[in-house]
Amino acid sequence: MTAFGDGFIRVCLPSLGADQFDHEDPSESRQQSSFFNWYTFGISSGGFIGLIFIVWLENYKGWDIGLGVCAILILLGLLVVAAGIPFYRNQVPEGSPLTRILQVLVVAFRNRKLELPKKLEEAQESCTRGRTCSVDALSQTNSLKFLDKACINRGENGAWSVCSATMVEETKIVLRMLPLFVSSMIGYISNVILFTFTVQQGGMTNTRLGKIHVSPATLFIIPTTFQLVMLAVYDQFLVPFLRRRTGYVGGVTHLQRIGIGFASMLLASIIAAIVEKKRKEALVQMSLFWLAPQFFLLGVADVTSFTGLLEFFNSEAPRGMKSIATALFWCELGLASLMATLLVEIVNSATRHGHKGGWLEGTTLNSSHLDLFYWVLAVLGFLSFFNYLYWAKKYVYQHNPRIVETSADQDSL
């Protein structure tokens, strides 16, 4: 039930919020970019409160009290969202976007042996006559030309016989994002593993900050605090400064912002490997402060790559496919977590010799080889970073990321 409800909320909320802004209006376009920063800030704030207040309730007042408070907070959040229903800009969907994509692929495959005419206006007109194929009309592009065959009218009527140019362009947009989806998913593997093992590293260090003892369960507060501070600074100070310098709505393009996050993950992996080796060699227990650099870089990665990916998928998707694009983002994170688990299993299997366990199969981190595993992670991060750069440079934006659109040409990274 938790996964069911969480899945609906995560997919719908960013799309609903982004729909309240018109990306064609320069002022609202800037507000939309800021919305994703504050949306991520809200997620981090909820995690921060949960790690302090809810964990305290569950430890000292009981799980029933803690879960009961969670239920009340969820209900209050639902009432707040519902109170705004009369004021929302509601983009009513027209049919299933997945069905439209499948229709284009099926019709293009059926017409694969037909000659593509120079002009497809007749087919497009006959498709759109008497029904609306999409929320917005999209201009025809020259990429993925084989899909244009879905617009060829063979004299048959019906959605599975001929498609409009808008339906074809919607499908092209989704397919053009797939290489970035895959490369970003591979790049995010490092983030998942680093968060998990950095907290375990923290549990092996001296967690006393003066007179305060930080329990291992609340170590996630450290990267979350970095995220909260950096998101506020980034949105209020860094974005306006970069916007004046570059002319981009968000200060930098979405793909540049994501790339900064992946570079931060790579650097965090290298630092984590060095710190872990020093921790194992230390004669006295290392202070928790030694983990601050990698916690900081993980915070930078979330501020840049997490928010950047969310905004990228939402802003580049056609109006009728916003929720699907947001779902792609969350699927990417889920698949990255699954691949991270697979990577740990592969490394353990490859480094297991006889009765000697793998690098990560020791009873504690002191008897494991987490530092060596971090170097493997750094190599993977290095390769995935340059793989991401390759696809990012080839990508052409659907919407110009600059504040003022001076030409019809779209900017790449």
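Analyst: The secondary structure of the chain comprises twelve helices and two strands, where helices are DSSP runs of H or I with at least four residues, strands are runs of E with at least two, and both are numbered from the N terminus. In sequence order, the pattern reads α-α-α-α-α-α-α-β-β-α-α-α-α-α. This is a predicted model, in which local features need pLDDT of at least 70 and side-chain atom pairs count only at pLDDT 80 or more, while totals for chains, interfaces and linings use all residues. Residues are numbered from 1 along each chain as its sequence is written, and side-chain values use heavy atoms, with hydrogens and water left out.

Helix α10 (residues 292–316) packs on helix α11 (residues 322–351) at an angle of about 150 degrees, their axes lying 7 Å apart. Here axes are lines fitted to C-alpha atoms, for helices over the stretch in contact, and angles run from 0 to 180 degrees between N-to-C directions. The two helices α10 and α11 are therefore roughly antiparallel (angles over 145 degrees; under 35 is roughly parallel, 65 to 115 roughly perpendicular, and the rest oblique). Their crossing is right-handed, that is, the near helix is turned clockwise from the far one by less than a right angle, anticlockwise being left-handed. On α10 the contact (heavy atoms within 4.5 Å) involves F306, L309, L310, F313, N314 and S315, and on α11 it involves K322, A325, T326, F329, W330, E332 and L333. These residues of α10 and α11 divide into eight nonpolar, three polar and two charged, with Ala, Val, Leu, Ile, Met, Phe, Trp, Tyr, Cys and Pro counted as nonpolar, Asp, Glu, Lys and Arg as charged, and the others, Gly among them, as polar.

A second pair is formed by helix α7 (residues 189–203) and helix α9 (residues 254–281), at about 25 degrees and with axes 11 Å apart. That angle makes α7 roughly parallel to α9, and the crossing of α7 and α9 is left-handed. S190, N191, L194 and Q201 of α7 meet M265, A268, S269, A272, E276 and R279 of α9; by class, the contact of α7 with α9 has four nonpolar, four polar and two charged residues.

H355 counts as exposed because its relative accessibility is 88% (exposed means over 50%, buried under 20% and partly exposed in between, with a 1.4 Å probe and protein chains only). Across the chain, buried residues make up 45% of the 413 residues.
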